[in-house]
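Where does this chain leave open space, and what lines it? The report below takes up that topic.

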Amino acid sequence: MICDSVDGANASAICFTMIEMAKAYDLNVYKYLNFLLEKRPNARTAQKKLEKLAPWNEEVQKMFARKMK
């Protein structure tokens with residue numbers, strides 16, 4: 001698995017955190033993660049841009065809200 005190193009463990013922690021945050025905001029996790037992978041934020045990404053990608057952003061919530069059954 002990718003957790004055989006410190007970097008792998010950090011990468012896993014980031015992935016699991018994003019998944020759990022998407023769940024907490026009731027987003028479609030699959031679509032939200034695809035969105036993040038398309039945008040590819042990194043350490044140099046400006047704070048304003050990161051805020052636009054965050055699961056608590058109202059625009060993101062509208063785009064990726066789970067449909068009521």
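This is a predicted model: local features need pLDDT of at least 70, side-chain atom pairs count only at pLDDT 80 or more; totals for chains, interfaces and linings use all residues.

## Largest pocket

The largest pocket holds about 250 Å³ of space. Its lining consists of Ile14, Cys15, Met18, Leu33, Leu36, Leu37, Arg40 and Pro41. Helix H1 and helix H2 (29-39) each supply at least two of the lining residues.

By class, the lining has 7 nonpolar residues, no polar ones and 1 charged.

## Second largest pocket

About 220 Å³ of space lies in the second largest pocket. This pocket has 14 lining residues. Met18, Pro41, Leu50, Leu53 and Ala54 lie nearest its centre.

H1, H2 and H3 (47-53) each supply at least two. The lining divides into 11 nonpolar, 2 polar and 1 charged residues.

Val6 lies in helix H1, which covers residues 6-24. Is Val6 buried or exposed? Its relative accessible area is 63%. The cut-off for exposed is over 50%, so Val6 is exposed.

Val6 and Arg40 are 34 residues apart along the chain. Their C-alpha atoms are separated by 21 Å.

Notes. Residues are numbered from 1 along each chain as its sequence is written. Side-chain values use heavy atoms; hydrogens and water are left out. Helices (H or I, at least four residues) and strands (E, at least two) are DSSP runs, numbered from the N terminus. Buried means under 20% relative accessible area, exposed over 50%, partly exposed in between (1.4 Å probe, protein chains only). On a 1 Å grid over the protein atoms alone, a cavity is a set of points where a 1.4 Å probe fits but cannot get out, and a pocket is an open set with protein on both sides within 12 Å along at least five of seven lines; lining residues have an atom within 4 Å of a point. Grid points are joined across faces, edges and corners, and a volume is the space filled by probe spheres set on the points. Ala, Val, Leu, Ile, Met, Phe, Trp, Tyr, Cys and Pro count as nonpolar, Asp, Glu, Lys and Arg as charged, and the others, Gly among them, as polar.
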